[in-house]
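Dear colleague,

I am passing on the structure we spoke about, together with some notes on how its chains meet. Please have it open beside you as you read.

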Amino acid sequence: MELLFNIYVFPGTLFVLVWTVFVFWFFRKFMAYLHKRIGPHYNGPAGSLQTLYDLSKLLSKESITPHNVNPYLFSAIPILAPTIAILTVVLIPWTPELTIVDTSYGVLALVVLIGIEPFLLFLTGFGSNNKYSFLGGIRILTQMISMETSFFLSALSPALLFGTMNLIEITEANTWLTTLILLPGAILFFISILGVLEQPPFNIPDAEQEIVYGFYTEYSGTNYFLLKLAEFGEFLVVFAATITLFFGGYRGLFFDSFLCLFVKMLIMAMLMLAIRASTPRIRLNQMLAFAWSYLVPLSFLNMVWIVIARLYIVGGG
Amino acid sequence: MKDDLLEIQPLLDKFETTLLLRMMGDTPLVSVENEQLFTVVDFLKNKMDYSLLLDITAVDNLDISHPTSTRFELIYLFRHKEFSRILALKTAVADPDTGVESIVSLYEVADWLEREVWDQYGIVFQNHPTLKRILNHNEFVGHPMRKDYEITKGQYCTQTQDMMDEMKPLLDARGLEMERDELMILNLGPSHPASHGTIRTLVALDGETIRAGASEIGYLHRGFEKSCENHTYNQIIPYTDRLNYCSALMNNIAFAKTVEDMMGITLPDRGIFIRVILTELSRVIDHLVCLAAGLLDMGAQTNYWYLFNPRNNAYDFLSKLTGARLTNSYMRIGGMTHDLYEGWRADLDDVLKKVDSGIAQTLQMIQHNRIYNDRIQNVSPVSAEQAIAYGFTGPNLRASGVAYDLRFDKPYYYYDHFDFDLVVGSQGDTYDRMMVRFEEMLQSMRIITQAADEIPGGEINIADHRIVMPPKTAVYNTIEGMMNQFKLVYEGVKVPKGEYYGAFEAANGELGFYIVSDGSGTPYKVKVRAPSFVHMAAYPKIIENYQVADAIMTLGSLNIIAGEMDR
């Protein structure tokens, strides 16, 4: 019974859906505030039901499958992508009591499941039989390969510092001091996930003005909704992962609860949106240069710093 | 006028067959023998420094009762290196099928201009590299601007062309092969989020790098010039709104001013000042649109709103003044529909304040933004010589470091009395093209403030009621007023016989109207010298060897307006 609750309600499917609806609205409202617009306004208090309407509209629209594509590949990915995104929530310690899969390889599993997502989207680009989607697919692959190294390396820094890959142990071991030590790693991790999640300034793969909608171009209706759900599921997982790895997860100043995690995640979302609002998109070759000549070397330096900190500051063995 | 004649004396001396026909305003119109055209143009370019080819067009003399020469005549308009002087060449075309020698080898801009003449009039240009249709559809039959082509005759054309007839020679010239070099052909447009209208550019991609490009335009061609031929001059003004719809008022003013210059009338000072204020406000709006859309193409969404909100305020002001937001049609030949409303100054100041803060906020966000600067600096640079060869005018030419602005070089409307600066760039890259526009907006606002401060009272229209509508009391109470109204509505403003080229510094560059009048109330011929048309011709050339992302930015920074380009 509890397992069923976990799968369908929290932290499973329903939670991800509610999160998608809420965060979509929150993104729009917050962006509108930065843009000096109003944003969603008419449906529900402060337009909060707008996303629900959008969702139901997308579900009721036809999902067009273009000619000359492999229909299995084309339709499989919109199912696979959100599944994998939602699957990842089992690893996160949501509350002090609730972690569905408590494994000593938590960090590794998390990194792998997050890292696999862009490859699925890359397949959509190849499966769409559209030149823009193809370009989007190539771009996503290029970007993923460039960002992956620093993403993995910086994700491993807390594991190295605390000497464990268990996410609960990492959360519990977190103190103000370790947060400070991990801060460079956290910044590197944040930049890398902007790349992995295709968020500005690294939203090169679905650069609307350049290659229409990149890998999304041919998707419509329910398929599009599922891909969007995957994207927001990714946000959920990645935000939660960042907070868990670097900023003490569910632990708060006065009490430990899911609420603390949630507030921290919203702060992170706002940070991401502020970056989105203030930076133009960079070019593919600039992204490559940035990733390989700055991010990757800095990630290695960060590892060295973590080792030094572990030996001399935290005082581990 | 005397100086102008002295200037062209070498030409008349060198070629005995050339003949000064008459002056169009202060532009000398010189007739040239058909066979000598190429050598004369060569002489003009290399010896007399007429380096900027403005326009090529033709006149069909079929409906003229006593034509002085053959049915078709070609008109070439050149601008001198020092920019204040224009020279017009006229040559009679004996047989349109043999036509004349192409001058593409002398002026790169002639490529599309000659194609347009062939498309519209069916005059062949020998040795032209790709003489094919440009504005009309490739399946179109006949040549619409000929007088024996009925205005109302439409044609259904359905098949698109694959453009490989243009792409293949480009690839061959670069030694590229589709298969061997693994190139991918991609259509950027006609419906593409960044094509800002309906423009198709076919590019050959090597990875993400553009190796060759060819543009197809004409998706918005609606026969503006042909429609002019059965409308009175005042009826044409709403059509001019649709040329550059981002700064509609400016087109109104440019057209009205050209016709007024043809008739030799000058507006009362108040009318001129209102026109200056509205021109500069339109320039600000146009640049706001260009920059906002350009920045949006880069993914800088916030700047889009920061620039579009003040634009909206400006449109609110225009809507209060003219009754329309986008297509204002506020001007008339000899003046405008009505005076400024009471309290306009406060509204205008409010708009200016908001525009100013919008620009300031945007500049704050991008001016020292490393990503912004790295993205567009050294992208598609156009050198000064290249820009002139491409026929660039306006901000795009100034970005290349050429100090050409009609408001300085040939001031009209008291522009020489206003205190403002000429903005020039240095590299001619995308960055310069955008930053020149930012600075020009600030200069335009300086002009607006000065003009609004100094605006005199009095009439806005000229007093001649054969040209402007008489007041309604006169129409109802006097026979003269009644007759004036009747004649104006039914026959239109009578413009003296002759031809004229009027140039105007519009937001995008030199907007020119070449008008031929046969003395009646409707023009015999109107040709628009649209800056976007020539800018677009250069676009596929300057994006070569840059990336797709750069090409999008270049298109945004050139500010191609399809309504003006396709006419």
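A polar contact is taken here as a pair of N or O atoms within 3.5 Å, where, within protein, one must be able to donate a hydrogen and the other to accept it. With that rule, 13 residue pairs are in polar contact between chain A and chain B, both residues being at pLDDT 80 or more; please keep in mind that this is a predicted model.

On the side of chain A that touches chain B, the elements that give two or more residues are helices H2 (13–35), H6 (131–162), H9 (208–211), H11 (258–278) and H12 (284–314) of chain A. The largest share comes from H6(A), with five residues, and by class this side of chain A has 12 nonpolar, six polar and eight charged residues.

Taken as a whole, the interface brings 26 residues of chain A into contact with 35 residues of chain B, and the area buried between the two chains is about 2,600 Å², of which carbon and sulfur atoms give 54%. Two salt bridges are found across the interface of chain A and chain B, and a salt bridge also joins the side chains of Arg283(A) and Asp550(B), at 2.7 Å from N to O.

H6(A) may deserve a look of its own. The helix has 32 residues and reaches 47 Å from its first C-alpha to its last, close to the 46 Å expected at 1.5 Å a residue, although there is a kink of about 35 degrees centred on Met147(A). After H6(A) comes Gly163(A), whose phi is positive, near 70 degrees.

Over all chains the count comes to 46 salt bridges. One of the salt bridges is formed by the side chains of Lys541(B) and Glu108(B), at 3.8 Å from N to O; this pair links distant parts of the chain, 433 residues apart, with Lys541(B) in helix H18 (residues 531–542) of chain B and Glu108(B) in the loop between strand S6 (100–101) and helix H3 (110–121) of chain B.

With best wishes

Definitions and conventions
Residues are numbered from 1 along each chain as its sequence is written. Chains are lettered from A and ligands numbered from 1 in the order in which they are written. Side-chain values use heavy atoms; hydrogens and water are left out. Contact means heavy atoms within 4.5 Å. Buried area is the accessible area (1.4 Å probe) that two parts lose on being put together, summed over both. A salt bridge is a side-chain nitrogen of Lys or Arg within 4 Å of a carboxyl oxygen of Asp or Glu. A polar contact is a pair of N or O atoms within 3.5 Å; within protein, one must be able to donate a hydrogen and the other to accept it, and residues adjacent in sequence count only if both atoms are side-chain atoms. Helices (H or I, at least four residues) and strands (E, at least two) are DSSP runs, numbered from the N terminus. Ala, Val, Leu, Ile, Met, Phe, Trp, Tyr, Cys and Pro count as nonpolar, Asp, Glu, Lys and Arg as charged, and the others, Gly among them, as polar. The expected span of a helix is 1.5 Å times one less than its number of residues. The bend at a residue is the angle between axes fitted to the seven residues ending there and the seven starting there.
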